[in-house]
Amino acid sequence: MRSDEKSGRAFVRARAALVAGTLGLLLAVGGCGASGDSSGSDAKADVKSAPREGFADEGGAAASAAPEEQADGKAAGKKAAPKAEGTHVIRTATLSVEVKSVPKAVAAARGVVESAGGLVATENTERLDDTYETSHLVLRVPQERFQEVLGELAGSGKLLSRTSNAKDVTDQVVDVESRISTQRASVARVRELMDQAEKISDVVALEGELSSRQSDLESLLAQQASLKDRTSLATITLDLTPPDAPGDDGSKDEDPGFLDALGGGWDAFVTMLRWIAVAFGAAFPFLLTAALAVVVWRVLRKRGAARRPAPAVATAPAREERPSAS
């Protein structure tokens with residue numbers, strides 16, 4: 001019994017020692033991991049703060065270039081996604097106004113637009129007859145004075161028609177500006193590579209690439225200028241026409257009279273004679289050739305008839321008279 005008890009106690013002690021050793025080992029491993037992490041972070045901080053031995057020049061250059069690269073990266077990021085100030089809207093309008101005097105209305109419209117800080121882009125005046133003329137104007141006015149100018153032009157006479165349109169192009173403006181920034185950075189990189197190139201083949205290839213990218217940049221700049229022009233100045237198309245009714249003197253009559261009919265008939269008669277003369281002139285060479293051919297044919301026929309000999313006249317032989325037997 002004593003041997004069994006001793007063996008049991010020895011087993012319990014061994015088990016307790018094993019558990020205690022395991023716990024101690026776990027605590028030791030945890031402490032080493034924590035100290036390793038802290039030492040690793042300190043080492044990383046030391047590596048970042050001080051250059052490595054044997055690479056002092058490169059480390060110094062990298063350290064000096066790092067802030068510049070970060071600044072350039074931030075600047076490029078800002079240029080890549082520029083923020084548009086407010087909204088960009090393209091406004092257009094079309095007006096058709098009936099006025100008593102077209103020249104006076106054109107002068108008044110020009111004065112209204114110029115006083116608002118705009119300009120007359122296109123002016124086309126057409127005279128229909130001695131008393132009637134129409135005018136077609138394309139006006140450019142600042143966006144903030146658009147509604148004011150539109151109201152003044154519409155009230156200059158009898159408004160026949162009016163249409164207005166507004167198109168928001170803010171997203172397009174932002175996209176074009178972002179693409180311009182990216183394209184400028186791309187052109188700058190190609191130029192840097194050209195400065196560093198030593199082989200002629202590399203220089204030629206880079207020149208072609210630079211020309212292509214520069215062309216794309218100029219196209220984007222043209223789009224940006226067009227958008228800026230259309231969003232800063234609104235476009236108003238104005239058509240000015242005189243009244244359709246006759247004037248106060250009643251000199252113009254819409255219904256045709258006897259003189260109008262006589263004039264139209266005379267014009268038709270003269271036109272017919274002109275066409276007959278044209279047709280005769282076109283057929284005259286053929287008629288002359290045919291007449292000459294007939295004359296020649298008749299002359300030749302007469303000559304042929306004169307050269308033929310006259311036919312001989314046949315006479316009957318005389319009968320011999322026989323004596324009658326008497």
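The structure is a predicted model.

**Helix 3**

- Helix 3 covers residues 102–115. Its 14 residues should span 20 Å at 1.5 Å a residue, and its end C-alpha atoms are 20 Å apart, which agrees.
- The buried residues of helix 3 are Val102, Ala105, Val106, Ala109, Val112 and Val113. They lie on the same side of helix 3, because they cover an arc of only 130° around the axis.
- Lys104 and Ser115 are exposed on the other side of helix 3.
- The packing partners of the buried residues of helix 3 are strand 2, strand 3, helix 4 and strand 5.

**The nonpolar cores**

- The largest nonpolar core contains 23 residues. Within this core, the residues with the most contacts are Leu95, Val149, Leu153, Ile236, Leu238 and Leu240.
- Two or more residues of this core come from each of strand 1 (89–98), helix 3, strand 3 (133–142), helix 4 (146–154) and strand 5 (233–241).
- Helix 3 supplies the largest share of this core, namely 6 residues.
- A second, separate core has 12 residues, including Ile90, Leu206, Leu217 and Leu220.

**Helix 5**

- Helix 5 spans residues 170–196. It has 27 residues, and the distance from its first C-alpha to its last is 40 Å, close to the 39 Å expected at 1.5 Å a residue.
- The buried residues in helix 5 include the valines Val173, Val176, Val187 and Val190, together with Ile180. Also buried in helix 5 are Thr170, Ser178, Ser181, Gln183 and Ser186.

**Salt bridges**

- The model has 6 salt bridges, counted where a side-chain nitrogen of Lys or Arg is within 4 Å of a carboxyl oxygen of Asp or Glu. Among them are the pairs described below.
- Arg110 and Glu123 form a salt bridge in which the closest N and O atoms are 2.2 Å apart. Arg110 belongs to helix 3 and Glu123 to strand 2 (residues 119–127), so this pair ties together parts that are 13 residues apart in sequence.
- Glu133 forms a salt bridge with Arg127, and their closest N and O atoms are 3.1 Å apart. Glu133 is buried because its relative accessibility is 12%, under the 20% limit. Arg127, in contrast, is exposed, with a relative accessible area of 54%.
- Asp175 and Arg179 also meet through their side chains in a salt bridge, at 3.8 Å from N to O. Both residues lie in helix 5, where they are 4 residues apart, about one turn of the helix.
- Asp175 is partly exposed at a relative accessible area of 40%, and Arg179 is partly exposed at 42%.

Technical notes:
Residues numbered from 1 in each chain as written. Predicted model: local features only at pLDDT ≥ 70, side-chain atom pairs only at ≥ 80, totals over all residues. Heavy atoms only, no water. Buried < 20%, exposed > 50% of the residue type's maximum accessible area, 1.4 Å probe, protein only. Core = buried A, V, L, I, M, F, W, Y, C linked by side-chain atoms within 4.5 Å. Expected span 1.5 Å × (residues − 1). Arc of directions from axis to C-beta. Contact = heavy atoms within 4.5 Å.
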